[in-house]
Amino acid sequence: MSTPTSTPLPVPPLESILLQPRRAALDAFARSGWRPYATPISLDAERRRLLNIDLTEPEMAFHDAEGGLAAVANVETDREGRVTHVEVVGAEPADPVRVALALLGEVGPPRTGGGGEAREWIWGPESGAALEVGGEPVRVWMCAERAYGDRLWLVASVVRRG
């Protein structure tokens, strides 16, 4: 996969995260300007919901130029300790197609769904995109919810087959 344009946030290439050991994936975020997550004293309940921190404790954080919490990320691993799932949630809206182009290059149109309140874009087996990392199929899912100002919510995962 190539990275022809930039994303609204400096998200590391998927090859440096997926199927890598947890430490290597977190180091890839650090090389992209992210820092280990520490709960800011000023973080209120509304901002926690916006960044999905009310659902999971993030591992990495990206701060804007003023030092505010702009995005959080977490990873999940398989039994061998390799990252199979990464979630990035930003506080600001982002164009999912632009983000996909930056992360994936030209992979074709996504499968889309949802309605006015929540929309989703999926690149992977469902859309006919042959995304792979390390020879394994990958799915990239993005969502924009009106209630949260269409902020960036990106999930990339290895597609495991039975």
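Buried means under 20% relative accessible area, so tryptophan 153, with a relative accessible area of 16%, is buried. Keep that cut-off in mind, since this predicted model has a lot going on inside. Buried residues make up 45% of the 162 residues in the protein chain.

**The overall picture**

- The protein chain has three helices and nine strands, and along the sequence they come in the pattern α-β-α-β-β-β-α-β-β-β-β-β.
- With a radius of gyration of 15 Å, close to the 15 Å that the globule rule gives for 162 residues, the protein chain is as compact as a globular protein of that length.
- Taken along the principal axes, a box of roughly 45 × 40 × 30 Å holds the C-alpha atoms of the protein chain.
- Look at contacts between residues at least 6 apart in sequence, and you'll find that 54% join residues at least 24 apart.

**The cores**

- The largest nonpolar core has 37 residues, and the members that touch the most others are Leu18, Phe29, Val88 and Val140.
- Who does valine 140 meet, leaving aside its neighbours within four places in sequence? Its contacts are Leu14, Leu104, Trp121, Ile122, Trp123, Leu131, Leu154, Val155 and Ala156.

**Helix α1**

- Ala25, Leu26, Ala28 and Phe29 are the buried residues of α1.
- These four cover an arc of only 150 degrees around the axis, and so they sit on the same side of α1.
- After α1 comes glycine 33, which has a positive phi, near 100 degrees.

**Helix α3**

- At the start of α3, a side-chain oxygen of aspartate 95 comes within 3.2 Å of the backbone nitrogen of valine 97.
- The buried residues here include Pro96, Val99, Ala100, Ala102, Leu103 and Leu104.
- They share the same side of α3, because they cover an arc of only 165 degrees around the axis.
- Their cover includes β6, β8 and β9.
- Just after α3, glycine 105 has a positive phi of about 80 degrees.

**Aromatic pairs**

- You'll find three aromatic pairs in the structure.
- In one of them, the rings of tryptophan 34 and phenylalanine 62 have centres 5.6 Å apart and planes at 50 degrees, so this pair is tilted.
- Tryptophan 34 is in the loop between α1 and β1 (35-36) and phenylalanine 62 is in strand β2, so the pair ties together parts 28 residues apart in sequence.
- Are tryptophan 34 and phenylalanine 62 buried or exposed? Both are buried.
- Tryptophan 141 and tryptophan 153 have ring centres 5.0 Å apart and planes at 85 degrees, so their pair is edge-to-face.
- Since tryptophan 141 lies in strand β8 and tryptophan 153 in strand β9, that pair ties together parts 12 residues apart in sequence.
- Phe29, Trp34 and Phe62 are linked into a cluster by ring pairs.

Terms used. Residues numbered from 1 in each chain as written. Predicted model: local features only at pLDDT ≥ 70, side-chain atom pairs only at ≥ 80, totals over all residues. Heavy atoms only, no water. Core = buried A, V, L, I, M, F, W, Y, C linked by side-chain atoms within 4.5 Å. Buried < 20%, exposed > 50% of the residue type's maximum accessible area, 1.4 Å probe, protein only. Contact = heavy atoms within 4.5 Å. Helix = DSSP H or I, 4+ residues; strand = E, 2+ residues; numbered from the N terminus. Arc of directions from axis to C-beta. Polar contact = N/O pair within 3.5 Å; in protein donor to acceptor, adjacent residues only side chain to side chain. Phe/Tyr/Trp six-rings, centres within 6.5 Å; stacked < 30°, edge-to-face > 60°. Rg over C-alpha atoms; globule rule 2.2 N^0.38 Å.
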